[in-house]
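Visitor: I would like a close look at a single part of this model. Please keep to what can be computed from the atoms.

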Amino acid sequence: MEWSITLLHIWNFIKEWYWVPLTVLYIMVIVTILIENRNPTKTIAWILVIVFLPFIGIILYFFFGQKFKKDEFFKRIDKNHQKIINEKWAKMDQFVQDDLDKVNIRIGSLSQVYRYLNNARVAYPATNNKVKLLTNGEEKFPLFLEALREAKDHIHLEYYIFDEDHIGNEIIDILIEKAKNGVEVRVTADDFGSPKLNKHQSRFDGTGVEFQTFLPVRFSSLANSNYRNHRKILIVDGKKAFVGGINISDKYINQNSVISPNNKVYWRDTSVMIEGDSINSLQLHFYLNWMMTEGKKYNISDPKYFYSSQENNDLSTVSFGLSSPGSDLHSAMEAMVLAITLAKKKVQLCTPYFIPSDEFKTAMMIAVSSGVEVELIIPKKGDSIVVQQASLSFLKPLMKRGVKVYLYEKGFIHAKTITVDDKLAFIGTVNLDYRSFMINFEITSVIENTTLLQQMSAQFDIDKEDSELLTLEKWENRPWYYRAFASICRLLAPIL
């Protein structure tokens with residue numbers, strides 16, 4: 001009887017005073033966010049989530065918003081990476097300066113983008129390359145499979161989404177066959193993007209394929225889910241590589257056949273196949289990410305991993321911009337911003353998600369106000385309502401300045417591309433949003449090649465024909481509650 005009375009008193013006390021510890025907890029969390037000294041917009045976004053989603057907001061912040069020690073972990077890795085990179089650069093300086101002089105003659109001031117990437121020790125420019133534009137999975141996968149089948153020494157594959165479907169299983173069969181025939185096969189798949197494959201990785205046991213999950217997401221490491229390896233890279237024998245937005249999945253193949261019978265959405269995407277000296281930079285960055293997994297170390301200094309052509313093709317200049325959570329240098333975004341500000345005639349952008357940083361948005365406004373034609377294509381219907389509405393909320397001030405915005409209607413445009421003055425192209429995995437710029441592991445190729453730029457311009461015109469031109473009048477005529485919802489979603493943009 002006394003116990004029941006005591007418990008009743010405790011319960012009544014909790015009901016009356018529960019708000020005190022809860023308030024203390026809220027204050028502590030908000031103070032923690034403030035002293036982390038984040039980007040102010042991101043700070044405000046997290047505070048709004050915590051205030052307007054009681055309890056749930058704190059849980060979300062605990063698992064996905066805190067910096068934890070993960071940021072320090074990535075920063076330590078980045079410092080180690082820079083040591084390795086600097087050692088490689090010391091041997092390349094003379095060749096790099098020669099290549100920078102060549103590209104300056106061809107594209108003038110836009111060559112500063114390559115100079116920036118080189119001086120920042122991200123990826124040196126190489127002029128001795130061949131490139132081939134690949135539109136959609138129908139063009140990519142035949143060449144992708146052919147390259148795998150021709151592998152003689154090693155295959156390095158790093159992908160965000162690797163589905164176990166028709167195309168995925170065909171690739172897995174080739175990887176296993178190659179490994180059994182003595183080819184070194186190293187594969188990393190992002191745990192968040194490829195959960196089924198990572199769950200079934202035992203299928204690689206005893207095959208010779210070295211398979212690693214990138215940043216495994218467990219209950220004890222849920223914060224890992226906030227840091228994703230969104231890169232999509234294949235390197236074969238150090239001679240041929242693929243980079244771009246197309247994941248390994250049947251849905252990227254727009255064919256009503258046995259290959260993709262359930263694909264009801266047309267996927268517009270872009271990748272590029274590269275042959276030449278620039279692959280050496282890819283090899284290095286694959287190695288650095290491989291060393292973040294539990295995979296066996298290998299000798300990156302072995303000459304077999306680095307391409308050295310006996311021919312002086314001098315057809316295309318290629319370099320790469322990167323994003324990684326441990327780096328204070330956001331080279332993918334900064335290279336894009338630099339290129340846009342250097343534009344003289346036109347800038348054409350494609351992205352499935354448009355939540356630009358202030359720097360990126362300002363660059364677009366400066367360009368269009370300087371007389372440059374700036375055109376942007378995004379999906380009319382996105383794959384996330386919140387992200388889509390957040391994207392739309394950024395468009396009005398850009399359209400007021402003169403940016404032309406097109407909403408792609410044929411299906412879902414997943415291409416992540418930028419072209420500047422038909423002289424410089426960005427093709428890669430980088431969406432034009434905070435997450436790609438600051439949080440994920442991303443990569444974009446930076447290419448100078450007349451034929452490829454002409455093809456991209458022609459494809460952009462085709463995509464515009466499959467799009468609706470969004471005007472300020474159309475935007476203003478949308479129901480007020482749509483515009484209001486978009487504005488609310490915009491508040492969450494920094495944490496999407």
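How many bridges join strand 6 to strand 8, and in which sense do the two run?

Guide: The model is a predicted one. Strand 6, residues 240-244, is joined to strand 8 by five bridges, and the two run antiparallel. Within this pairing, lysine 240 stands opposite glutamate 275 of strand 8.

Strand 8 also pairs with strand 1, which spans residues 126-135; this pairing is antiparallel too and extends over seven bridges. Here valine 131 has isoleucine 274 of strand 8 as its bridge partner. Strand 8 itself covers residues 270-276, and because six of its seven residues are buried, it is largely enclosed by the rest of the structure. As a general point, side chains in a regular strand alternate between the two faces of the sheet.

Proline 125 has a relative accessible area of 1%, so it counts as buried, the cut-off being under 20%. Leaving out residues up to four places away in sequence, proline 125 touches Val96, Asp99, Leu100, Tyr114, Asn118, Thr317, Val318 and Ser319. Its C-alpha atom is separated by 9.4 Å from that of phenylalanine 95, which is 30 residues away along the chain.

Methods
Residues numbered from 1 in each chain as written. Predicted model: local features only at pLDDT ≥ 70, side-chain atom pairs only at ≥ 80, totals over all residues. Heavy atoms only, no water. Buried < 20%, exposed > 50% of the residue type's maximum accessible area, 1.4 Å probe, protein only. Helix = DSSP H or I, 4+ residues; strand = E, 2+ residues; numbered from the N terminus. Pairing = 2+ DSSP bridges. Contact = heavy atoms within 4.5 Å.
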